[in-house]
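Me: Hi! I've got a structure open and would like to talk it through with you. Here it is:

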Amino acid sequence: MEKTLQEAIAVCIRLSRAQDAYGMTAANEEVGLEELIAAGDALHDFTDGLRGEVDMDLAQAAAMEVTTGRKHPYIQRDEEGHPVALVPSRRMTDEQVALARELLADPMQTITGVAKALSVTRAVLYSEVPEANGRYARLRATAQQGGAVTP
């Protein structure tokens, strides 16, 4: 049987709803445990047969949309509105990335200052501009090399 994304979404929705319904009563009795176990087993059985046929991360994101009622920001859709891929959106434009690289070339600029100048967070700057990672270590190493040479 060929696995489909819609089947995966249905299984993930079932598991999510079973997890939401699971709880304990005042008498410390587990409620919904049987459905939770059955839903977990259904997910396990479904994923056992997969050989790269279905993107389970996409299925789980689409299931989260259904159970929460909120659109997932990283789901790319086809013309009919069906989920086709899970793609994080770019948070910086190409111009912002270029300006960030230019600003980071100046050792007097800080990561925080560059992020503020571009109106993004430091985390976004680190994720979108790989050169920002390890910048202070490189600057320190360059300064130490320069200091060792200078008397």
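Me: Which element has the lowest mean pLDDT, and which the highest?
Reply: Helix α7, residues 135–149, has the lowest mean at 70, while α4 has the highest at 92. As a rule, where pLDDT is low, the predicted coordinates should not be read in detail.

Me: Let's look at α4, then. Which of its residues are buried?
Reply: The helix covers residues 94–104, and V97, A100, L103 and L104 are the buried ones. Looking down the axis of α4, those buried residues fall within an arc of 125 degrees, so they line one face of the helix.

Me: Why would residues spaced like that point the same way?
Reply: An α-helix has 3.6 residues a turn, so residues three or four places apart point the same way.

Me: And what is exposed on the other side of α4?
Reply: There you'll find D94, E95 and E102, which are exposed.

Me: Switching to strands: in which sense do β3 and β4 pair?
Reply: They are antiparallel, with three bridges between β3 (residues 75–77) and β4 (residues 83–86). I75 stands opposite L86 in β4.

Me: How many residues sit between the strands of that hairpin?
Reply: Five, and G81 in this hairpin takes a positive phi near 90 degrees.

Me: Which residue other than glycine has a positive phi?
Reply: S119 is one, with phi near 60 degrees. Most residues other than glycine have a negative phi.

Me: Where is S119, and is the residue buried or exposed?
Reply: S119 is in the loop between α5 (111–118) and α6 (122–128). Its relative accessibility is 67%, so S119 counts as exposed.

Me: Back to helices. At what angle do α1 and α3 cross?
Reply: The axes of α1 (residues 5–21) and α3 (residues 56–68) cross at roughly 55 degrees and come within 8 Å. That angle makes α1 oblique to α3, and the crossing is right-handed.

Me: One more: where does E53 lie?
Reply: E53 is in the loop between α2 (33–48) and α3. With 42% relative accessibility, E53 counts as partly exposed.

Me: What separates the C-alpha atoms of E53 and L103?
Reply: The separation is 44 Å, for two residues 50 residues apart along the chain. L103 is one of the buried residues of α4, whereas E53 is partly exposed.

Conventions
Residues are numbered from 1 along each chain as its sequence is written. This is a predicted model: local features need pLDDT of at least 70, side-chain atom pairs count only at pLDDT 80 or more; totals for chains, interfaces and linings use all residues. Side-chain values use heavy atoms; hydrogens and water are left out. Buried means under 20% relative accessible area, exposed over 50%, partly exposed in between (1.4 Å probe, protein chains only). Helices (H or I, at least four residues) and strands (E, at least two) are DSSP runs, numbered from the N terminus. The arc is that of the directions from the helix axis to the C-beta atoms. Two strands pair if DSSP finds at least two bridges between them. pLDDT is the predictor's confidence in each residue, from 0 to 100. Axes are lines fitted to C-alpha atoms, for helices over the stretch in contact, and angles run from 0 to 180 degrees between N-to-C directions. Angles under 35 degrees count as roughly parallel, over 145 as roughly antiparallel, 65 to 115 as roughly perpendicular and the rest as oblique. A crossing is left-handed if the near helix is turned anticlockwise from the far one by less than a right angle, and right-handed if clockwise.
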